[in-house]
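Have the model open while you read.

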Amino acid sequence: MDTLGGELPGIVDAHLHQWNPRRKPSSDVVSRGLHYVTDLGRQTVPRVIGRREPEFLLNPSALLRAYEPRDYLADGARVLPVTGARIDTVVCVESLSLSGRDTSPMAETAYLTSLPFGAGGAPHVGAIVVAADPRDDDLGRQLDECAAASDLLRGVRWCAARHPDSGVRDFAAAENILPSAEFLNGFETIAGRRLVFEVMCYSHQLYDVVILAREFPDTTIVVDHMGIPVGAFGPVGARTGATAANRADILRLWRERITTLATYPNVVVKLSGLALPVLGYGKARWGNIGGRETLAEMVGPLVEHLAARFGPERLLFGSNYPVDKPNATLEDLVGALTDILDDRGSYWLRRIFADNARAVYRLGAPDDPAPGE
């Protein structure tokens with residue numbers, strides 16, 4: 001099924017994580033030590049790092065193994081024969097918040113710059129999005145050092161995700177940080193450098209993003225993973241998504257918040273995290289979704305709502321690999337999204353799978369305007 005064949009020269013994956021516990025400096029003794037343990041380590045990791053981790057990552061032992069360009073190339077090998085287009089460019093998004101490793105954004109930027117992207121058929125890296133907290137006093141220095149380490153620096157990501165269900169993983173230490181005075185004051189440092197701001201939050205927090213978008217209308221704000229309606233498809237955590245009524249309520253509130261968010265032209269949403277376990281697919285270590293058709297059926301209503309509100313110019317594709325890997329192959333992620341959007345025509349496919357990411361992250365053209373500018 002060459003749905004994308006002839007529509008675009010290459011796909012841009014706007015959300016890829018890269019890591020290697022053996023290479024990146026870390027004070028996380030558990031991660032460094034268990035990396036060398038195979039079966040015992042895979043059984044032990046969920047108990048060591050907490051019960052909430054397996055539900056978010058499904059197979060958290062993946063954090064103990066390297067995932068670099070050659071691994072991604074192997075995973076993406078079937079994207080071309082299945083969809084008719086290959087992934088030729090990626091945006092590397094920070095993995096520090098995900099892995100919890102005590103590595104600076106500058107060290108991660110240097111690590112990403114050293115990877116053999118573009119070699120042996122691997123895609124090229126077009127942009128880097130670093131981890132940074134606008135509340136840090138030395139944020140400016142951090143960003144300047146990252147920019148000095150790589151001219152591919154295009155954005156900053158901060159994970160605001162925090163959930164009232166104690167069984168769902170928290171990334172932020174408290175609620176309502178995004179609209180706080182301290183955060184907004186520090187955000188000026190990001191806005192002044194014309195960097196994209198990327199945020200990962202849960203769906204009940206999307207109104208916090210509205211405040212940020214209103215206060216900084218000239219800064220492009222990218223919402224990761226469709227705004228993550230936790231438990232939309234099934235039970236997660238201690239009680240979220242446990243009943244049909246609860247799941248319907250989660251989706252209703254997500255739709256309302258997405259509709260409001262879409263009124264701000266500087267906001268862009270990533271069609272990424274399509275297979276995130278925390279959406280409620282199930283808890284088997286591998287393959288809860290089962291295939292392209294099922295994935296399209298599950299996420300189709302979410303993608304259609306986003307398409308209706310944001311249009312073709314403010315949505316972009318991201319694989320969220322390797323986090324989504326236990327639940328979906330890379331070709332199934334691309335294929336399912338293509339199946340959902342195919343009826344909208346070639347313009348939509350070109351924008352979502354390539355052109356929007358090139359505009360948002362200024363791939364190859366740092367002076368081109370992005371949404372909100």
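## A crossover to start with

Let's begin with β4, helix α9 (residues 181–192) and β5, which together make a right-handed β-α-β unit. Keep in mind that this is a predicted model. The two strands of the unit, β4 and β5 (residues 196–200), are paired in the parallel sense, with five bridges between them.

## Around β4

How many of the seven residues of strand β4 (residues 153–159) are buried? Seven of the seven are, so the strand is largely enclosed by the rest of the structure. On the β3 side, four bridges tie β4 to strand β3 (residues 124–131), and the two run parallel. Among the paired residues, Ala131 has Arg157 in β4 as its bridge partner. To get from β3 to β4 the chain passes through helix α8 (residues 139–149), and this β-α-β crossover is right-handed.

## The whole sheet

Zooming out, eight strands make up an open sheet with parallel pairing, in the order β1-β2-β3-β4-β5-β6-β7-β8. At its edges stand β1 (11–16) and β8 (315–317); each has a single partner strand, so one side of each is left without a neighbour in the sheet. On average, neighbouring strands are turned by 25 degrees against each other, direction ignored.

Strand β2 (residues 87–93) is joined to β3 by five bridges, again in parallel, and Val91 stands opposite Ala127 in β3. What lies across β1, β2, β5, β6 (221–223), β7 (267–271) and β8? That's helix α14 (residues 346–360), which runs at about 110 degrees to β8.

Most residues other than glycine have a negative phi, and most peptide bonds are trans. A few spots here go the other way. The peptide bond from Tyr321 to Pro322 is cis, with omega near 5 degrees, and Pro322 sits in the loop between β8 and α13 (330–341).

Then there are positive phi values. Asn176, in the loop between β4 and α9, has phi near 55 degrees, while Arg362, in the segment after α14, has phi near 50 degrees. Is each of these buried or partly exposed? Asn176 has a relative accessible area of 47%, so it counts as partly exposed. Arg362 is at 3% relative accessibility, under the 20% cut-off, and therefore counts as buried.

Key. Residues are numbered from 1 along each chain as its sequence is written. This is a predicted model: local features need pLDDT of at least 70, side-chain atom pairs count only at pLDDT 80 or more; totals for chains, interfaces and linings use all residues. Side-chain values use heavy atoms; hydrogens and water are left out. Buried means under 20% relative accessible area, exposed over 50%, partly exposed in between (1.4 Å probe, protein chains only). Two strands pair if DSSP finds at least two bridges between them. A crossover is right-handed if, with the strands pointing away from the viewer, the path from the first strand over the helix to the second runs clockwise. Axes are lines fitted to C-alpha atoms, for helices over the stretch in contact, and angles run from 0 to 180 degrees between N-to-C directions. Contact means heavy atoms within 4.5 Å.
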